[in-house]
Amino acid sequence: VTKEKVLGSMFSFLNTYETYKCVTIYDRSLGHLYYGSLAAIVLYNFIYVIWFQKGYIQYERPVATINYQVSKPTHVIDLDRLDYCPGGRKDCAIWDELDVLYPHGSATSNVLFTTKVIQMDQEGRCPTDATRCEDLYVTTNQTQFYIADAESFMLKIDHTVFAPKFFSESHSQHLDTHAFGESSRHMTGYLVSNNNKRIKAFLPGAADAISVNDLLLAANVSLDEFSDVVGSEGLSRRDTGVVLYVTLTYSSDWSLFTGEGSIRYRVRSVVLPETGHRVTEDVRHLTRAGHPGRILNERRGVFIIFAQSGSLARPSFQVLIMNLVSGLGLMALSSTIVDQLALFVMPARDKYKNWKYEEYTRDTPHTNVVNKIKKAVLKSEKKKQK
């Protein structure tokens with residue numbers, strides 16, 4: 001083998017050119033597979049993804065704020081009508097919104113509505129001027145009582161949602177009645193149950209008024225049912241407390257026919273399983289003879305955790321192009337798979353390979369090429385006539 005032949009074979013590809021030709025293969029299996037896959041791709045990508053799933057929409061996760069005020073029940077509290085207050089004032093206390101809420105005056109995303117209090121009076125055993133003490137406090141008296149009708153206290157909620165990226169790119173200066181940011185007083189919302197059944201509607205123009213009992217109803221729980229907290233056999237949820245995870249989920253829409261849609265939201269309440277809530281409040285004071293004393297209030301109740309999430313929408317040509325390109329890519333992949341099945345799997349694969357790949361050189365007689373084409377055309381016409 002000479003050096004020239006080796007080099008010639010290594011660089012022979014430089015003297016070749018590959019082009020494509022159209023070959024029609026009459027095979028029922030391949031035809032059904034190919035057009036069936038194309039139909040599935042069209043249904044999924046172009047009908048389901050782009051049309052029904054609105055594959056021309058871009059979404060942004062917004063930022064949100066929340067603020068609320070607590071008010072006492074609108075009706076008169078009657079202890080005689082409450083089953084858990086058989087002894088009247090001995091078993092229950094009537095508190096207002098400042099007493100029942102803890103921490104006092106709180107407007108954070110977490111809040112406790114007190115349903116039961118275990119109050120311990122403790123007397124200090126160590127004088128204020130002592131330098132060595134063993135027992136600091138001794139409990140001298142302990143009482144417990146329920147808070148009457150705690151579930152009827154009301155929350156008046158104001159909240160705002162804002163998509164900063166979309167809003168900044170819209171070149172707008174105001175949030176009110178805007179597609180990328182609004183306050184709750186310009187939105188419509190619903191309190192829904194765990195199976196998406198609407199319980200209460202929140203209309204524009206005012207703060208969202210919702211009671212603790214509404215949130216318990218949405219979570220499908222009652223304070224008077226038995227608690228599932230470990231070690232609380234025989235006690236109710238009013239005794240052990242309950243934790244509610246309340247989500248405000250925002251959404252907006254955009255349609256080819258209606259354009260930008262208004263922002264709306266849903267409020268959903270979920271009870272955390274086997275979870276109670278208690279917190280100890282320390283109220284200090286001075287007793288006689290200079291000995292410090294204190295009152296400990298162990299509060300138990302409905303602990304509410306607020307969370308805000310969702311997505312706001314706007315049309316995006318870039319998202320549409322990406323979905324279109326992915327659909328065309330799937331169609332090309334389908335064609336490639338069918339080609340490989342025809343060339344390497346089907347019983348007539350050798351015949352199909354000869355039909356698909358042909359080699360011609362510059363010295364190949366033109367008449368041979370023409371004759372092959374004529375034969376193929378005649379064979380195709382005969383099949384059509386049959």
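The legends below describe close-up views of a predicted model. Residues are numbered from 1 along each chain as its sequence is written, and side-chain values use heavy atoms, with hydrogens and water left out. Local features need pLDDT of at least 70 and side-chain atom pairs count only at pLDDT 80 or more, whereas totals for chains, interfaces and linings use all residues.

**View 1. The largest nonpolar core has 46 residues.** A nonpolar core is a set of buried Ala, Val, Leu, Ile, Met, Phe, Trp, Tyr and Cys residues joined through side-chain atoms within 4.5 Å. Buried means under 20% relative accessible area, exposed over 50%, and partly exposed in between (1.4 Å probe, protein chains only). Phe-113, Leu-155, Ile-304 and Phe-306 touch the most other members. Strand β12 (residues 242-251) gives this core its largest share, five residues; helices (H or I, at least four residues) and strands (E, at least two) are DSSP runs, numbered from the N terminus. A second, separate core holds eight residues, including Leu-82, Cys-85, Cys-92 and Tyr-146.

**View 2. Surroundings of Leu-155.** Contact means heavy atoms within 4.5 Å. With neighbours within four places in sequence left aside, the contacts of Leu-155 are Tyr-68, Gln-69, Val-70, Phe-113, Asp-208, Ala-209, Ile-210, Leu-215, Ile-304 and Phe-306.

View 3. Two strands pair if DSSP finds at least two bridges between them. β5 pairs with β17 in the antiparallel sense over 13 bridges, and Met-120 stands opposite Leu-296 in β17. β1 and β17 are also antiparallel, over four bridges; here Ile-57 stands opposite Pro-315. The pairing of β12 with β17 is parallel and spans ten bridges, and Val-243 has Phe-303 of β17 as its bridge partner.

**View 4. The cis peptide bond between Tyr-102 and Pro-103.** Omega is about 0° at this bond. Pro-103 lies in the loop between β4 (101-102) and β5 (110-124).

**View 5. Positive phi at Lys-54 and at Glu-274.** Lys-54, a residue other than glycine, has phi near 55° and sits in the loop between α2 (28-52) and β1 (57-60). Glu-274 is not a glycine either, and its phi is about 55°. Glu-274 belongs to the loop between β15 (264-271) and β16 (278-286), and its relative accessible area of 52% makes it exposed.
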